Amino acid sequence: KTSSIHPEEIKREKVPPSVLIKTPSQSRVEVEYQFRRDALLRKRYLNPFGYMRFGTLLEDMDALAGTVAYLHCDDDDPDTVPAVLVTASVDRIELRKKLELNRNIILTAAVGWVGTSSMDIRIGIHPEGEDPTQSILAANFTFVARDPRTGTAVPVNRLEPQTAFEK
């Protein structure tokens, strides 16, 4: 026995028709950790030696990089099936100073490079009130885009840097 399905009952899943061109600023995200004001936040990040729990911060950086990757791949069409974005690697981790919890810090993340189906998200951390280009901690997170149905690589949006800093 077969059943008939009316065409209007079939949910169509739209595949992106083309790759877009985006600037780094379109997916840039900044997050401020208010350690001076928030005792519970300080406690969550405090290690036994009085400094920042580095592993906890790396988890947050990975989540932030994932948000930026998603924003970069998004085409603003709710009918498009989003790609599955996976952290492929973390490298170029540069810790220039110990992270202390007596100052607020700002995490800034943006797409820094795009390949065919992968992208690098650069994250820098600087104390509040200091030059954002002089990070005390920086890292690159490489994400790959996969089709949620097949697991195969899918293209990501191109990148067009606008400023000297983005280039």
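**Ground rules**

I number residues from 1 along each chain as its sequence is written. The model is predicted, so local features need pLDDT of at least 70 and side-chain atom pairs count only at pLDDT 80 or more, while totals for chains, interfaces and linings use all residues, and side-chain values use heavy atoms, with hydrogens and water left out.

**Entry 1: the whole chain**

I looked up the secondary structure first. The chain has two helices and seven strands. Helices (H or I, at least four residues) and strands (E, at least two) are DSSP runs, numbered from the N terminus. I read the order from the N terminus as β-β-α-α-β-β-β-β-β.

Next I checked burial. Of the 167 residues in the chain, 37% are buried. Buried means under 20% relative accessible area, exposed means over 50%, and partly exposed is in between (1.4 Å probe, protein chains only). The chain exposes about 10400 Å², and carbon and sulfur atoms supply 52% of that area. Accessible areas come from the Shrake-Rupley method with a 1.4 Å probe; for residues, only the protein chains shown count as cover.

I then looked at contacts, meaning heavy atoms within 4.5 Å. Among contacts between residues at least 6 apart in sequence, 72% join residues at least 24 apart.

**Entry 2: N157**

Where does N157 sit? I found N157 in the loop between strand 6 (137-146) and strand 7 (158-159). Its relative accessible area is 6%, so N157 is buried.

I listed its contacts, leaving out residues up to four places away in sequence. N157 touches V19, L20, K22, H72, C73, D74 and V114. I also checked G115, which is 42 residues from N157 along the chain. The C-alpha atoms of N157 and G115 are separated by 9.0 Å.

Which backbone atom of L20 lies 2.9 Å from a polar atom of the N157 side chain? It is the backbone nitrogen of L20. The N157 side chain also reaches the backbone oxygen of H72 at 2.7 Å. It reaches the backbone oxygen of C73 at 3.4 Å. For a polar contact I used a pair of N or O atoms within 3.5 Å; within protein, one must be able to donate a hydrogen and the other to accept it, and residues adjacent in sequence count only if both atoms are side-chain atoms.

**Entry 3: salt bridges**

How many salt bridges are there? I get a count of four. The rule asks for a side-chain nitrogen of Lys or Arg within 4 Å of a carboxyl oxygen of Asp or Glu.

E128 and R36 meet at 2.6 Å, N to O. E128 lies in the loop between strand 5 (118-127) and strand 6, and R36 in the loop between strand 2 (29-33) and helix 1 (39-45), so the pair ties together parts 92 residues apart in sequence. E128 is partly exposed at 30%. R36 is exposed at 53%.

E130 pairs with R103, with the closest N and O atoms 2.8 Å apart. E130 lies in the loop between strand 5 and strand 6, and R103 in the loop between strand 3 (84-95) and strand 4 (105-114), so this pair ties together parts 27 residues apart in sequence. I noted E130 as partly exposed at 32%. R103 is partly exposed at 33%.

D147 and R149 form a salt bridge at 3.5 Å, N to O. Is D147 buried or exposed? D147 counts as buried, at 14% relative accessibility. R149 is partly exposed at 47%.
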